[in-house]
Amino acid sequence: MFLRLLLLICAPLCESTELFLIVSPSRPIEGNTMTLTCKTQPPPQKLDAKLQFLFYKDGRALGPALDSLPEFRIPVVRKEDSGSYWCQAKITSIKAKLSRRVQIEIHRVPIGNVSLEIQPPGGHLIEGEKLVLVCLVTEGTGDITFFWFRGARGLSLKMKTQHSLMATFEISAVRESDSDQYYCAADNGYGPSFSELVSITVRIPVSRPVLTLRAPAAQLVVGHIVELHCEAQRGSPPILYQFYHEDGALGNSSAPFGGGVSFNLSLTAEDSGNYYCEANNGQVAQRSEVVPLNITGRRTAKDAVRSIPSPVPQESTYFNSQAPEQLHFDYENVNIVSGDEVYSLVYCVQQEQPSAAEPLGTHPGDKDSSAIYSRLKKADLTDMDYDDVM
């Protein structure tokens with residue numbers, strides 16, 4: 001539909017000539033071009049001079065001066081360009097006519113298809129990197145106000161208004177605490193439209209781990225159990241630790257919540273050498289310093305398991321005396337283990353009075369000895385003694 005303005009042009013223009021203001025397009029959209037044309041109908045046939053045209057909006061001239069061209073073009077109209085328009089035709093500087101005023105409404109396109117993009121892509125960053133949150137819209141005209149939010153509860157981070165379909169928000173150096181969900185919104189006067197949530201994960205690379213050897217004694221021998229403890233002071237979990245002897249891998253263990261891990265090693269004669277560990281959380285692998293381990297000998301056990309000893313031979317001594325018979329006891333604690341009980345062995349030797357017909361001397365065959373086992377106490381782990389305590 002064309003908006004037409006009637007303008008009665010004074011002489012020498014014909015009294016019946018009409019002036020029309022043509023608006024193209026008839027329904028102007030914000031962001032597009034709008035053209036105003038001032039046209040006479042029917043065209044005057046007898047003119048001594050050309051007509052001069054001027055266009056107005058809300059009482060303000062749109063051009064700097066009269067122009068022979070009957071058109072005025074606005075390259076990009078905005079919502080603020082809505083208002084009352086008319087045109088003027090002149091044949092001299094004195095004689096002129098103004099058209100009727102007409103209201104022109106500039107229409108705005110609502111926001112559509114809001115999205116949030118992450119730079120670098122993927123949303124996985126290392127602590128200290130720059131994070132760029134790009135809010136985009138595919139539809140919408142005029143000045144657009146962009147908003148950035150953090151978390152499902154919508155903690156407001158930034159607001160920016162500009163005449164663009166895209167806006168950015170930067171975090172120059174992210175920290176591990178910046179790990180969260182983010183989203184953005186855009187509004188051009190019809191109400192905000194929101195993007196979907198985007199997850200951001202910020203990880204801390206592992207620091208150089210420290211390997212500690214925890215041993216039961218200063219002098220290590222075969223059979224000792226040594227604890228190898230590896231720990232990185234910084235690094236986002238989970239952290240995978242790998243233990244090495246020289247260049248050979250001993251084993252690995254994961255710390256799902258951070259901290260360190262331990263690896264127990266039962267020493268053999270071949271275990272002397274250099275040890276180190278490695279920490280890796282998927283960002284970078286770090287290796288500890290080398291720790292030497294020296295084995296000085298073998299561990300021995302004293303009486304860890306004992307057998308029952310044979311009785312010790314005893315000599316019987318006979319005395320020329322009228323004293324009654326004497327019993328002589330020899331004790332030997334042999335630590336005989338039976339179940340949870342410990343016994344001692346006692347030898348009982350009876351001394352006999354020799355007869356007159358028999359010479360003084362030793363008669364092994366006349367010895368009357370007997371063995372008595374006496375239960376002493378319950379067996380305890382302390383009954384087992386070793387050269388080196390684990």
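Predicted model: local features only at pLDDT ≥ 70, side-chain atom pairs only at ≥ 80, totals over all residues.
Reader: In the open sheet of three strands, what is the order of the strands?
Author: This sheet is open and its pairing is antiparallel. Its edge strands, each pairing on one side only, are strand 18, residues 210-214, and strand 23, residues 261-266. Neighbouring strands of the sheet are turned against each other by 20° on average, with direction ignored. Read across the sheet, the order is 18-20-23.

Reader: Which residue of strand 23 stands opposite Glu227?
Author: Strand 20, which covers residues 225-231, runs antiparallel to strand 23, and six bridges join the two. The residue of strand 23 that stands opposite Glu227 is Asn264.

Reader: Why is strand 24 described as largely enclosed by the rest of the structure?
Author: Strand 24 spans residues 273-280, and a residue counts as buried when its relative accessible area is under 20%, a cut-off that can be applied along the strand. Strand 24 is largely enclosed because, of its eight residues, the number that are buried is six.

Reader: What is the bridge partner of Gln242 in strand 24?
Author: Strand 21, residues 239-245, runs antiparallel to strand 24 and is joined to it by six bridges. Strand 24 is also joined by three bridges to strand 26, residues 291-293, again antiparallel, and there Asn274 stands opposite Pro292. For Gln242, the bridge partner in strand 24 is Glu278.

Reader: Which residue takes a positive phi in the hairpin of strand 24 and strand 25?
Author: Strand 25, residues 285-287, runs antiparallel to strand 24 with three bridges between them, and in strand 25 the bridge partner of Ala279 is Gln286. The hairpin has four residues between the strands. The residue with a positive phi, near 90°, is Gly282.

Reader: Which side chain is joined to that of Arg27 by a polar contact of 3.3 Å?
Author: Arg27 is found in the loop between strand 1 (18-24) and strand 2 (34-41), and it counts as partly exposed because its relative accessibility is 49%. Arg27 and Glu105 are 78 residues apart in sequence, yet 7.7 Å apart in space, C-alpha to C-alpha. The polar contact of 3.3 Å joins the side chain of Arg27 to that of His107.

Reader: Is Thr141 buried or exposed?
Author: Thr141 lies in the loop between strand 11 and strand 12. Leaving aside neighbours within four places in sequence, Thr141 is in contact with Glu30, Arg108, Val109 and Asn188. At 12% relative accessibility, Thr141 counts as buried.

Reader: What distance separates the backbone nitrogen of Val109 from a polar atom of the side chain of Thr141?
Author: The side chain of Thr141 is also joined to that of Glu30 by a polar contact of 3.0 Å. For the backbone nitrogen of Val109 and a polar atom of the Thr141 side chain, the distance is 2.7 Å.

Terms used. Residues numbered from 1 in each chain as written. Heavy atoms only, no water. Pairing = 2+ DSSP bridges. Axes fitted to C-alpha atoms, helices over the stretch in contact; angles between N-to-C directions. Buried < 20%, exposed > 50% of the residue type's maximum accessible area, 1.4 Å probe, protein only. Polar contact = N/O pair within 3.5 Å; in protein donor to acceptor, adjacent residues only side chain to side chain. Contact = heavy atoms within 4.5 Å.
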